[in-house]
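Have the model open while you read.

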Amino acid sequence: MKSSSNKKAKIGIIGGSGLYDMDGFSNKRLLKVKTPFGDPSAPLILGEISGAPCAFLARHGNGHTILPQEINVRANIWALKSVGVERLIGVTAVGSLKEELSPRHFVFPDQIFDLTHGRNATFFGNGIVAHTAFHTPFCPDQSKILFDKSQSLAINSHQGGTYLCMQGPLFSTKAESRFYKSLGFSVIGMTAATEAKLAREAEICYSLISLVTDYDCWKDGEEVSADIVTSVMQGNSKNAQRLLVSAIPEIAKRSARCSCPEAMKHAIVTAPKAIPAATKKKLSLIVGKYI
Ligand SMILES: [Zn+2]
């Protein structure tokens, strides 16, 4: 892979570092991005999937060195926006909280319940206040394309459901897992809430391909452990790659009918004159057109 300053990719993918070796991701080159929010998890890998320019980011760093709560999601989203990403696909392993969502199935959630704390989950502050609508946390159009393609590839998949975002890095206790299950949540993971919030503030369409690896630990005899997760994840990864290769051309050519690209239109409540110059400068990539 060679370095490059080429800066155009409409589609972004955030996933495990294994994914960028996928067949069908061609013309790869590295791009190190500096952001006003610090360093992203890794350099971006620019390339093409099915002819569409894409930017890939390894969520936990190359070699998986970054804990969920250590991920600099603001820098990750900023870096992707800076190369032109308008449509972002998160790929992630999840535990299932429902019997029918079996290991190796794909779930395309439509809701989030966020139990994380102490994470930087907004670009705002330091003299600018925004309250962004987040009732529909994933891009519905994009999620539907991913679900439909998944069905056509005969991958066992489920449209909708609530993604519970836990703090981690330890997995749940049985008491926690049974409680979450009793509340009707669908899947559990550690990263998507923060990604979805910051993608929305950056007006990027965001959808999640969640790959079920286990039954968390509510089901006696099938308790989650890291080695089981790793082995099922490898099986899921092939299907995720097939899905990306098939869905990305359609996602690239669709004209947005969703409201994600205008998410911040009415969200900023601070009078433009009151916003400090340094803050304005820092946020120009994200909401420059409004301030
Ligand atoms: Zn959208």
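Predicted model: local features only at pLDDT ≥ 70, side-chain atom pairs only at ≥ 80, totals over all residues.

Residue numbers start from 1 along each chain as its sequence is written.

The chain has seven helices and 12 strands (DSSP runs numbered from the N terminus: H or I of at least four residues for helices, E of at least two for strands). Its radius of gyration is 18 Å, close to the 19 Å the globule rule gives for 291 residues, so the chain is as compact as a globular protein of that length. That radius is taken over C-alpha atoms, and the rule is 2.2 Å times the number of residues to the power 0.38. The C-alpha trace spans about 60 × 40 × 35 Å along its principal axes.

Of the 291 residues, 44% are buried, where buried means 20 or more other C-beta atoms within 10 Å of a residue's own, with C-beta atoms placed from the backbone. The largest nonpolar core holds 79 residues, and Ala55, Leu57, Leu88 and Ile209 have the most contacts inside it. A core here is a set of buried Ala, Val, Leu, Ile, Met, Phe, Trp, Tyr and Cys residues joined through C-beta atoms within 7 Å. Leaving aside residues up to four places away in sequence, Ile209 touches Ile89, Val91, Phe106, Phe108, Leu146, Ala240 and Leu243 (contact means C-beta atoms, placed from the backbone, within 7 Å).

Now for β6: 10 of its 10 residues are buried, so the strand is largely enclosed by the rest of the structure. Its pairings are below; strands pair if DSSP finds at least two bridges between them.

| Partner of β6 | Sense | Bridges |
|---|---|---|
| β2 (residues 11-15) | parallel | four |
| β12 | parallel | nine |
| β11 (residues 187-189) | antiparallel | two |

Within these pairs, Ile13 stands opposite Ile89, Leu88 has Tyr206 as its partner in β12, and Gly95 has Ile188 in β11.

On to the helices. In α2 (residues 140-152), the buried residues include Ile145, Leu146 and Phe147, and their cover includes β6, β12 and α5 (226-253). Just after α2, Ala154 takes a positive phi of about 60°. As for α4 (residues 192-201), 10 of its 10 residues are buried, so this helix is largely enclosed too. Glu203, which follows α4, has a positive phi near 60°.

Definitions and conventions. Buried ≥ 20, exposed ≤ 12 C-beta atoms within 10 Å, placed from the backbone. Contact = placed C-beta atoms within 7 Å.
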